[in-house]
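Work through the exercises below with the sequence and the model open. Try each task before reading its solution.

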Amino acid sequence: MIQVFKLKFQTPNGFRIGSKAERNLLTQLRIDTETVLIPASSWKGVFRRVSEIVLNGSERNAVKDGEVDAIIKDAKDLIKTDLRFRKIAESHELIEVNQEVKDAKSLAEAYKEYSSPIERLYGGKYFAGYITISDTVIQDAELEQRAHVTIDRKSRKNLERHLYAEEIVNVNSIKVNVIVRGEFELWKSTLKFLRDIGYFIGAGKSRGIGYIKLDDKESMYAVIDKLKDRPKFDILSKYLV
């Protein structure tokens with residue numbers, strides 16, 4: 001089964017996905033002069049961080065030397081019963097053809113990643129995740145320049161001659177398409193957080209720029225049980241019950 005989403009986010013303060021600095025101007029990432037871009041990697045960072053918050057903090061999958069032996073026992077058991085994990089271990093040459101351990105430390109790391117809902121959904125060092133995210137391309141986007149000054153954190157005063165401006169994409173909403181192939185409950189909890197609380201994308205968070213909130217009345221989803229089935233989209237609010 002796969003789930004397909006057409007998500008719409010409200011952006012009351014606009015956004016800026018950083019590109020580069022041109023003199024005193026922080027520019028927006030764009031494809032050409034009239035088309036701006038939010039790359040899939042920026043969306044993935046937002047979704048992953050919200051999923052980490054939902055699970056009460058980021059997960060750390062680093063393996064300490066003293067943990068390797070205990071983890072390897074569980075990893076060897078999983079290799080016997082889980083075809084996907086066995087293929088991961090084989091493709092990275094972590095085990096021999098006869099399934100004997102070839103690289104114990106790396107196999108332990110792969111096992112910890114594979115045991116993590118976050119890594120399974122978004123992917124890690126050893127395997128791709130269950131999620132695919134589109135770029136967001138906005139044609140004929142309205143950009144405005146907002147001027148700022150740099151603040152000295154110690155004195156809390158404006159620094160002289162430190163005036164700069166940044167390009168803000170002045171839109172009320174942005175859209176992104178997502179396909180999910182597993183970890184559906186974690187993904188649903190992530191969407192609920194984005195609907196109820198929201199999050200930030202891009203630069204300027206301290207000034208409220210880039211705040212996004214999921215509009216479940218204007219977003220759509222479809223569940224596909226067979227690859228040959230055509231998606232039948234429905235309003236996202238019915239999914240997030």
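**Rings, core and strands**

Ring pairs link Phe5, Phe9, Trp43, Phe47, Trp187, Tyr221 and Tyr239 into a cluster. Rings of Phe, Tyr and Trp (its six-membered ring) pair if their centres lie within 6.5 Å; planes under 30 degrees apart count as stacked, over 60 as edge-to-face and the rest as tilted. The model is predicted: local features need pLDDT of at least 70, side-chain atom pairs count only at pLDDT 80 or more, and totals for chains, interfaces and linings use all residues. Residues are numbered from 1 along each chain as its sequence is written, and side-chain values use heavy atoms, with hydrogens and water left out.

**Exercise 1.** Classify the aromatic pair formed by Trp43 and Phe47.

*Solution.* 
- Start with the total: a search of the whole structure finds 11 aromatic pairs.
- Take the geometry of Trp43 and Phe47: 5.7 Å centre to centre and 20° between the planes. This pair is stacked.
- Trp43 and Phe47 are four residues apart in helix 1, so about one helical turn separates them. Helices (H or I, at least four residues) and strands (E, at least two) are DSSP runs, numbered from the N terminus.
- Check burial (buried means under 20% relative accessible area, exposed over 50%, partly exposed in between; 1.4 Å probe, protein chains only). Trp43 is buried at 0%, and Phe47 is buried at 0%.

**Exercise 2.** Which residues touch the most other members of the largest nonpolar core?

*Solution.* 
- Define the set: buried Ala, Val, Leu, Ile, Met, Phe, Trp, Tyr and Cys residues joined through side-chain atoms within 4.5 Å.
- The largest such core has 37 residues. Phe5, Leu7, Phe9, Trp43, Phe47, Val178 and Trp187 touch the most other members.
- A second, separate core has 19 residues, including Ala75, Ile79, Phe85 and Ile95.

**Exercise 3.** Which side chains of strand 10 are buried?

*Solution.* 
- Strand 10 spans residues 173-180, and its side chains alternate.
- Ile174, Val176, Val178 and Val180 point to one face and are buried.
- Now find the partners (two strands pair if DSSP finds at least two bridges between them). Strand 1 (residues 2-10) pairs with strand 10 in the antiparallel sense over eight bridges. Phe9 stands opposite Ile174.
- Strand 6 (residues 131-133) also pairs with strand 10 in the antiparallel sense, over three bridges. Here Thr132 has Ile179 as its bridge partner.
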